[in-house]
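Let us walk through this structure one region at a time. Keep the sequence at hand and follow each residue in the 3D view.

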Protein chains: 2
Amino acid sequence: FAGGVESLDYEVIENYAYREEQAQRSKFWVPYYVMLKWLFSLLIGVGTGLAAIFINLAVENFSGWKYAATFAIIQHSYFVGFFVYIVFNLALVFSSVYIVTNFAPAAAGSGIPEIKGYLNGVDTHGILLFRTLVGKIFGSIGSVGGGLALGKEGPLVHTGACIASLLGQGGSAKYHLSSRWVRIFESDRDRRDLVTCGCAAGVAAAFRAPVGGVLFALEEVTSWWRSHLMWRVFFTSAVVAVVVRSAMNWCKSGKCGHFGSGGFIIWDISGGQEDYSYQELLPMAIIGVIGGLLGALFNQLTLYITKWRRTYLHKKGKRVKFYCSKDNEYNDLATIFFNTQDDAIRNLFSAKTFHEYSAQSLITFLVMFYSLAVVTFGTAVPAGQFVPGIMIGSTYGRLVGMFVVKFYKKLNVEEGTYALLGAASFLGGSMRMTVSLCVIMVEITNNLKLLPLIMLVLLISKAVGDFFNEGLYEVQAQLRGIPLLDSRPKQVMRNMSAKDACKNQKVVSLPRVSRIVDIISVLRSNKHNGFPVVDRGQNGESLVIGLILRSHLLVLLQSKVDFQNSPFPCGPGILNRHNTSDFVKPASSKGKSIDDIHLTEDELGLYLDLAPFLNPSPYIVPEDMSLAKVYNLFRQLGLRHIFVVPRPSHVVGLITRQDLLLEE
Amino acid sequence: FAGGVESLDYEVIENYAYREEQAQRSKFWVPYYVMLKWLFSLLIGVGTGLAAIFINLAVENFSGWKYAATFAIIQHSYFVGFFVYIVFNLALVFSSVYIVTNFAPAAAGSGIPEIKGYLNGVDTHGILLFRTLVGKIFGSIGSVGGGLALGKEGPLVHTGACIASLLGQGGSAKYHLSSRWVRIFESDRDRRDLVTCGCAAGVAAAFRAPVGGVLFALEEVTSWWRSHLMWRVFFTSAVVAVVVRSAMNWCKSGKCGHFGSGGFIIWDISGGQEDYSYQELLPMAIIGVIGGLLGALFNQLTLYITKWRRTYLHKKGKRVKFYCSKDNEYNDLATIFFNTQDDAIRNLFSAKTFHEYSAQSLITFLVMFYSLAVVTFGTAVPAGQFVPGIMIGSTYGRLVGMFVVKFYKKLNVEEGTYALLGAASFLGGSMRMTVSLCVIMVEITNNLKLLPLIMLVLLISKAVGDFFNEGLYEVQAQLRGIPLLDSRPKQVMRNMSAKDACKNQKVVSLPRVSRIVDIISVLRSNKHNGFPVVDRGQNGESLVIGLILRSHLLVLLQSKVDFQNSPFPCGPGILNRHNTSDFVKPASSKGKSIDDIHLTEDELGLYLDLAPFLNPSPYIVPEDMSLAKVYNLFRQLGLRHIFVVPRPSHVVGLITRQDLLLEE
Ligand SMILES: Nc1ncnc2c1ncn2[C@@H]1O[C@H](COP(=O)(O)OP(=O)(O)OP(=O)(O)O)[C@@H](O)[C@H]1O
Ligand SMILES: Nc1ncnc2c1ncn2[C@@H]1O[C@H](COP(=O)(O)OP(=O)(O)OP(=O)(O)O)[C@@H](O)[C@H]1O
Ligand SMILES: [Mg+2]
Ligand SMILES: [Mg+2]
């Protein structure tokens, strides 16, 4: 994989330390654990809600100040006002670029592809750090406040995930905030659940759409899902909704400064068109097709631009970023001067406003904004694609609506409704979300009656888009070198066996009791992250006794307490000198490296018995299982290593449903 | 397991026949298959929508006739009118009981536990037959039209599942409707996806809640879920919504007879309370607690009653059923004479009607209806628990609302809103649904603003209910002997190994080339459904070469074409005399039995080479893997058999994420 990307260990490693901890647990452990899980869900909800409020208020207030200042100056001189406006915006955007490039590089972009990768099983370096969280929050305030053609929704999802992950570690390890008693969510597995909650919370906060948040996490982001997790995710979203609602009530009293309404997107079009005739289905289908085409084109263009920018950046350093962000100022200049994007969208969706926009100005706006959105995408600022997508979509949607009004004169057609459908179609054509997008659209417009129409448009735009390329997040993940595993195996895998997939491998394994120097040389000679451990059975035959992870080996080599003089197994009754938390991977994902290990000549000659530390039962598959089946196993259980083994000589037992129906 | 319940085979059996069919597929096969899948989703939607409309119209029309007739007669004689009314209801209920007991026994009850079991991996005999479908439709018309304390929602889910399954087989095999070219959904795996669509369609049709349908299928019913299935399920639900909407438009023109509004539940309370103060949260939480308590009590009482009835039935035969159904007539008599339940609920939810009901009459109604619902539950008629649950819940919800109005005098409180929350709390306390219930409530009331309140109430009622017992469907599934596997392994499994789970087993296996008489004796000597097949390797060591299913062995024994004279393997180049459809299990689930096989003495002496027919790569686990891990494997991949094998002697290869990132 690309640098900085590494798989996560979702598997429970049932080594001595783990089993001992399990055995030592008091009977209060389970209730405590459950309580803590729910407490954390609550805290994630509150934290994400507060972060969203903070970002929104900051953006709204900056816009307010900007407006007030420009307005005051413009009375005296048109030119100075314009100049101040530009300077204000540039300052905001540059501060965002500065924060991200110098302080939190992982905060650039939307963050959703990375989170998606995380929940699919690959960790990108640094995405869930405290500094990333801070960079994301302040960076998106700068970039959105500075009027770029991007939104704060994607960044909010990332923010939610960061908050969840930091809570799970009991605070940031680096800034010494971590407290011991809450650190029981140490495995990647537990952290995954928290991050899922965080994701849903982010969407719930961004759109004030709690159900949409749950569905987004479910459909778009996670790769594994259990129904009891749904309940917790749902709770988190509900908490976010309540927090945001309270804050907005509080702001109504005017305590929040300029533009104090909080700026949460809610486009209430409930006064609009409630019913539709069958004739209208054709233009609506056309909107779907347009959405699919423009969405697919958007994905493709952003792909090219990002690639081009990457090679260019490589040569010229940071200058390009500044160039791009300056470029985007045209956005505001050319279109809606003092409006925030939320207000612009509110106007586009508005009902009862026939011909408020001329077709010409809409087309101009569409072309300009589309280009700007493409160019802005992938700059070094936190950037969401929801709001630009909604802007683009609602513009051509409104265009179609105007055409329909002209054409079918007698119908009770509302252009605002068409704008909404356009927005849905563009998001569907670009992000390829379905159920979650549909629910989000319904929740932000507060109009259930349009559901079948939104569904229709989404069906079409997604199908059209899928014909051309993959969804935006998949394309972006690929670009960033995040190797996502799709939910279905590829067709070729059906005709391959597991053995075919590892045909050219020379398996590197370790004996149970290894000399330190041998271990070091194995670790140096390759980059593999897991090694089978082989032992001799009672009759001298060789036996695979488990899998040891590179990271665990490095921990053992560094701590040195387990080194022994004799080359023989240490026996089962050894004192356990480690607890599981010693082996926990730091959240920064850059764990120890073999170069950090410094051993004396004497120590190199000692031995290490690996048996207490290995994973005694990794998943195994027979060598002629088809790769498609192996893929399903790997994907659905979220594994990191699978052993391909020869056919067994006999079957010890058969497990069926009956054997798993134990009573507790 | 109990009689008539059997596991499903979700695994792909990669035997010769399968591989040959895969190889022979033209390049048009994949597009054809995809097209057919979507076509079927469409048909399922249309079919379920039409079934729902039919049931609703029939029920509404029966109620209408009943009303008209009684009203006409009552002008002359009060007593005769009353008598006619009773006779009318009894006739409907008896016809329902008659249909179910004599024609389609699998149509009794709600059907949701059985469907849930089906999607969890166990097939109950006869639940997806054509006769069950017919029985369900006409049975629920009789029982709901006859005024029993039950609804048509659960039955609609079952109806949708039946339609889906029948479509998947290309019609009912028994009634010779099956056509060859559509029968490509023959594996249990494909049928599972269709049934999931059917489920969602049922809910979507019952409540006109397409998103709720998708979520119901996702949260409550299925045990496996892939995100690309979500898209198809969503499509099906959308189709249902459109079909139902069109039919209702058509009915508005008065072509549908009495009560022609179609009778789909839509309780529009959008005129009601939009906002709430924090003081109101306490009474709302109390509603949640009441819901949890009454719901848990409901589950417990229905459990006892069903148990009691079962033993009683055992002695007295069918009479009990008649008795029970007569008993339920009190429902209508005592409460809402001529109203359908939908109308009663509409009244309870209605806003702006302070003190329309006296507290006393509500309490009386609550007690009576609760008892009736408990008694009716589990009679031999198709019965849904949604509508009774909503009735019960909204009654006590309204009671609390009346109390709140009295107590906090100044607030703008609507009793209808409290009724709605009560309904949500009872359903949450009894069925323990969360996200899906929430969305369904929002969709049927058409009021998004209440979402946080519904969430709060559901959180509390589910938590309270969970404290006492399991959800209604789980309790019922247990009663009916459907062994559902929970999504999490039991705690004890963490300390057990795979070997422990099959400690007392003497594995029954077959040699690769077996004598017919040996096969027969193995099949007769036990009831196992799968057998490991063992062969000798090149050096004479024994090798497990796969798993053969009992059902496949029976097919082979019956067809006889593969019998051979020599006791040696038939070689790889054999002519394949079977295609996969020969091995397809009939949907009736009662496959062949060993007693159906009749062989001559000569044939018994012949041999059969099992190699071409077995599953060459069943999933295997090493014997000391913890049972919790085995459970996860079994549950998440939907398996039927897992081989527990000794530790491997060496590792042939290691598969990691990198090896699965093939380009196509
Ligand atoms: N012990 C080993 N012996 C031989 N080949 C191995 C061994 N471990 C891994 N490989 C192979 O080397 C390649 C890279 O292995 P690696 O362990 O880096 O996994 P990965 O897919 O890169 O995921 P990650 O490094 O994030 O865990 C894979 O093709 C894998 O099959
Ligand atoms: N070939 C076999 N040899 C020994 N024991 C077996 C064999 N097959 C199954 N068993 C054991 O017998 C019991 C019942 O097996 P059976 O095959 O009937 O499975 P089941 O759990 O009842 O599910 P189903 O019958 O629906 O497939 C289980 O405990 C299983 O472990
Ligand atoms: Mg690697
Ligand atoms: Mg059995």
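Begin in chain B, at B:Asn469. Setting aside neighbours within four places in sequence, B:Asn469 is in contact with B:Ala296, B:Asn299, B:Gln300 and B:Arg432. The model is predicted, so these positions come from a prediction. B:Asn469 sits in the loop between helix 18 (451–468) and helix 19 (472–479) of chain B. B:Ala296 is 173 residues away in sequence, yet the two C-alpha atoms are separated by 6.3 Å.

Now turn to chain A and find A:Lys462. This lysine belongs to helix 18 (residues 451–468) of chain A. With 13% relative accessibility, A:Lys462 is counted as buried. Which residues does A:Lys462 touch, leaving aside neighbours within four places in sequence? They are A:Gly428, A:Arg432, A:Thr434 and, from chain B, B:Trp231.

Step back to chain A as a whole. Chain A contains 24 helices and 10 strands. Of its 664 residues, 60% are buried. Take the contacts in chain A with a separation of 6 or more. Residues 24 or more positions apart account for 81% of them.

Helix packing comes next. Helix 2 (residues 29–74) and helix 7 (residues 188–207) of chain A have axes that come within 9 Å and cross at roughly 35°. The crossing of helix 2 of chain A past helix 7 of chain A is right-handed. Helix 2 of chain A contributes A:Tyr33, A:Phe40, A:Ser41, A:Ile44, A:Thr48 and A:Ala52 to the contact. Helix 7 of chain A brings A:Asp190, A:Leu194, A:Cys197, A:Gly198, A:Ala201, A:Gly202 and A:Ala205. By class, this contact between helix 2 and helix 7 of chain A has eight nonpolar, four polar and one charged residues.

A:Cys199 is in no disulfide, and the nearest cysteine sulfur, that of A:Cys197, is 9.6 Å away. The cut-off for a disulfide is 2.5 Å between sulfur atoms. A:Cys199 is buried, at a relative accessible area of 0%. A:Cys502 is buried as well, at 4%.

Helix 4 (residues 112–120) of chain A is mostly covered, with nine of its nine residues buried. Among them are the charged pair A:Glu114 and A:Lys116. Which elements do the buried residues of helix 4 of chain A pack against? The partners are strand 2 (122–124), helix 6 (153–168), helix 7, helix 8 (210–221), helix 19 (472–479) and helix 24 (627–637) of chain A. Just after helix 4 of chain A, A:Gly121 takes a positive phi of about 115°.

Helix 5 (residues 130–145) of chain A can be checked for length. Its 16 residues should span 22 Å at 1.5 Å a residue, and the end C-alpha atoms are 22 Å apart, so the two agree. Helix 5 of chain A is mostly covered too, with 12 of its 16 residues buried. These include A:Leu133, A:Lys136, A:Ile137 and A:Val144. The buried residues of helix 5 of chain A pack against helix 2, helix 3 (78–102) and helix 6 of chain A. Just after this helix, A:Gly147 has a positive phi of about 85°.

Positive phi also turns up in residues other than glycine. A:Lys560 has phi near 65°. A:Lys560 lies in the loop between helix 22 (550–559) and helix 23 (601–604) of chain A, and is partly exposed at 30% relative accessible area. In chain B, B:Arg208 has phi near 50°. B:Arg208 is found in the loop between helix 7 (188–207) and helix 8 (210–221) of chain B. Its relative accessible area is 28%, so B:Arg208 is partly exposed.

Finish in chain B with helix 14 (residues 359–376). This helix has 18 residues and reaches 25 Å from its first C-alpha to its last, close to the 26 Å expected. Its buried residues include B:Leu362, B:Phe365, B:Phe369 and B:Val374.

Methods:
Residues numbered from 1 in each chain as written. Chains lettered and ligands numbered in written order. Predicted model: local features only at pLDDT ≥ 70, side-chain atom pairs only at ≥ 80, totals over all residues. Heavy atoms only, no water. Buried < 20%, exposed > 50% of the residue type's maximum accessible area, 1.4 Å probe, protein only. Helix = DSSP H or I, 4+ residues; strand = E, 2+ residues; numbered from the N terminus. Expected span 1.5 Å × (residues − 1). Axes fitted to C-alpha atoms, helices over the stretch in contact; angles between N-to-C directions. Left-handed = near helix turned anticlockwise from the far one by under 90°. Contact = heavy atoms within 4.5 Å.
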